[in-house]
Amino acid sequence: MKGMTLIVKTIARLISGLIFLYGIYIVLHGHLTPGGGFAGGIIIAGAFVLLILSEGSKKASSEIKKQRASVGESSGIFIFWLLAMLGLFTGSLFFLNLLPKGKAYHLFSAGIIPLCNIGIGLEVGAALFAIFITLAVLKTGEKK
Amino acid sequence: MNLIPLFIALPLGAAFLLPILRYRNFDKQKTGQANPAVILGKWSKRTPDIVANLINLTLLVLSLMVINRGMLVYKMGGWEPFKGIPIGIYLVLDGLSVLMLLIINSIGFLAALYSVNYMEKYTDKTRYYTLFLLLIAGMNGVVLSGDMFNLFVFLEVAAIASYALVAFGTEAEELEAAFKYQVMGTVASGFILLGIALLYSFSGTLNMADIARIINQQGIQGTVLFVGALFIMGFGLKAAIMPFHAWLPDAHPSAPAPVSAMLSGVLIKAIGVYALVRILFNVLGLGETKSILYILMVLGIISMVAGALLALGQRDFKRLLAYSSISQIGYIVFAFGLGTPLGFLGGLFHLLNHATFKSLLFLNSGAIVYATENRDLEKMGGLLERMPVTGTTATIASMSIAGVPPLSGFWSKLIIIMAAIQAEQFIFALIAVLISIITLAYYLKVQRLAFFGKLGQAWKKTKEVPGLMCASMIILSLLCLGLGILLLPGIKSMILDPAVEVLKNGAQYANLILGE
């Protein structure tokens, strides 16, 4: 696929940055407002998917991008796992919330929960992107 | 530090770590230089082998450490019960879980050891071990979970990993088998989820002990029986009991041999039989409901008979083993259906024994495929001469599964038949004996066609498989020879008796966990 017209491409480029930022906002405020790692991660993936849809799947279908998405996904879930294990090693409880809780309704509060949300956001965003890329690669693979 | 979460956390962590480690390797291949963003150690071709085997060894050691520790309840995140009502997620380690953990992690370790050489034929070892570790994490989670919904989540983790593992070869046959398996598996999960939802609406809780307590108080009503039926369908599909077995003869032979060993040896028991008896007997408290027990018994007998008769006619070695799995699962379910302590003992012991000899047989079939690229029994012949280790271990496993004394399979079948006679199910006991003879018949057929007789022209240059594969087959065959000692009084009271105790206690499970 070659992608869409110049108008669509330009608008998609302009908007995808905003969508990306909004995804990050949702992830970071997961413990304060509705949403969180999962919802934010999907919005982040949406920003990339929008770019690929407008630019065409040729740009997306490199093996290295798939690898990077796969590593991003694994890193996200690995961060989550490390946080859980930290609780086990320091406080002898899996998933112990070991950081100070802070004041309610502040961005830096709720202990490890924002960090967990970041991990989940990375995982979900990268995984969804990886799935999308894999489907795009499969499509071009058939044509050969 | 509490050991219980490690059973789930360790394999999960390793599964997440492996793809990160692999990235550096990939970049080096493509661009000729290492990716500076990755600070983790130097990659070598052996890294996934080493990581996966170390993790599996650790898990095996951990599961040996928890033997005879009594009952341990682990409250996730430190959420204490509120006014006696549990609010957090519980992990429960009791006798039955210990037995299952031992089976899962020992067979898992040996299968991973076997994979080191065997999986060289396939392209992507990292991905294989990632899925393999997820499978183990899921099964460990199922046997440890004390919460219905978590049990379902872990069951899905294990099941989805197994769908991908069945399709690992990505040939047409494997993809078809995996698709069939996935459809059937999803139907099963649907039944299970529906059952859990009904149970939740009935009791208002998802904690297994709490559900058991509420059912104790309210008595067994229609809802509970209906949920029991749903679980028999759902977990029966996962365990491949006869009317729900159609996916197994396709899925298990198509997977790579160590995965077949895990699926047939462990998975159908951990997410099928274990989950079924745990929920029916401990949670729903149906251990004394005659109708449910009778259903289990009849389903067991049907799969026992039909599995064995279908296995007789197979030419494909792995397919024969798959039908034999259905037949042996029939024995196990039948034994549980008797509902007596001796029946539980026989069922659990046969479950353990079947895990060892069936995984050994699948590893043997894998060794033959590795050496000769052939699964058709009719084309084999005289392989004992060229592959002494494979041949000898396969003979031991065949004799054990057919119930030749003094091998392990004999003792467990003896207990099952004794239990059937004790429960005055004489006809079923007779059928069990007859099927045991048919089992012997089709394993003798395997022996004659594959290992004895004249060596085929094509196999004159066949070599024995590499050392690690032999090592894991030899360890398993020693287990087949020696597991009978588990019935000696001192050892029996450490491993088998606590597990039988859990099932015998039935709905007392609630009081033990909630501590009333």
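Predicted model: local features only at pLDDT ≥ 70, side-chain atom pairs only at ≥ 80, totals over all residues.
Biologist: Which secondary structure elements does chain A have, from the N terminus on?

Modeller: The elements of chain A run α-α-α-α-α, which is to say five helices and zero strands. Of the 144 residues in chain A, 39% are buried, and among its contacts between residues at least 6 apart in sequence, 71% join residues at least 24 apart.

Biologist: Turning to chain B, at what angle do helix α12 and helix α13 of chain B pack?

Modeller: Two packed helices are described by the angle between their axes and the distance between the axes. Here helix α12 of chain B, residues 317–338, and helix α13 of chain B, residues 341–372, pack at an angle of about 175°, and their axes are 8 Å apart. Because angles over 145 degrees count as roughly antiparallel, α12(B) is roughly antiparallel to α13(B). The residues that meet include B:F317, B:L321, B:Y331 and B:F336 from α12(B), and B:F344, B:H350, B:L361 and B:I368 from α13(B). Sorted by class, this contact of α12(B) with α13(B) has twelve nonpolar, eight polar and two charged residues.

Biologist: Is B:G300 buried or exposed?

Modeller: B:G300, which lies in helix α11 of chain B, residues 290–312, is buried, because 26 other C-beta atoms lie within 10 Å and the cut-off for a buried residue is 20 or more. Leaving aside neighbours within four places in sequence, B:G300 is in contact with B:G330, B:Y331, B:V333, B:F334 and B:G337. With B:Y331, the separation is 31 residues in sequence and 6.0 Å in space, C-alpha to C-alpha.

Biologist: Which residues have the most contacts inside the largest nonpolar core?

Modeller: They are B:M139 and B:A158, in a core of 227 residues, to which helix α10 of chain B, residues 257–283, gives the largest share, 19 residues. Not counting residues up to four places away in sequence, B:M139 touches B:I104, B:A158, B:V266, B:L267, B:A270 and B:I271.

Biologist: Where in chain B are the residues B:E373 and B:E424 found?

Modeller: B:E373 is in the loop between α13 and α14 of chain B, and B:E424 is in the loop between α16 and α17 of chain B. Phi is positive in B:E373, near 60°, although the residue is not glycine, and B:E424, also not a glycine, has a positive phi of about 60°. B:E373 is exposed, with 9 other C-beta atoms within 10 Å, and B:E424 is exposed, with 9 such atoms as well. Another backbone feature is the cis peptide bond that joins B:P405 and B:P406, where omega is about 5°; B:P406 lies in the loop between α15 and α16 of chain B.

Biologist: Which elements of chain B have the lowest and the highest mean pLDDT?

Modeller: The lowest, 76, belongs to helix α1 of chain B, residues 6–31, and the highest, 93, to helix α5 of chain B, residues 148–166. Over residues 34–40 of chain B the pLDDT is below 50, and this stretch has eleven contacts in the model beyond near neighbours in sequence. For chain B the mean pLDDT is 87, with 95% of the residues reaching 70 or more.

Conventions. Residues numbered from 1 in each chain as written. Chains lettered and ligands numbered in written order. Axes fitted to C-alpha atoms, helices over the stretch in contact; angles between N-to-C directions. Helix = DSSP H or I, 4+ residues; strand = E, 2+ residues; numbered from the N terminus. Parallel < 35°, antiparallel > 145°, perpendicular 65-115°, else oblique. Contact = placed C-beta atoms within 7 Å. Nonpolar A, V, L, I, M, F, W, Y, C, P; charged D, E, K, R; others polar. Core = buried A, V, L, I, M, F, W, Y, C linked by C-beta atoms within 7 Å. Buried ≥ 20, exposed ≤ 12 C-beta atoms within 10 Å, placed from the backbone. pLDDT = per-residue confidence, 0-100.
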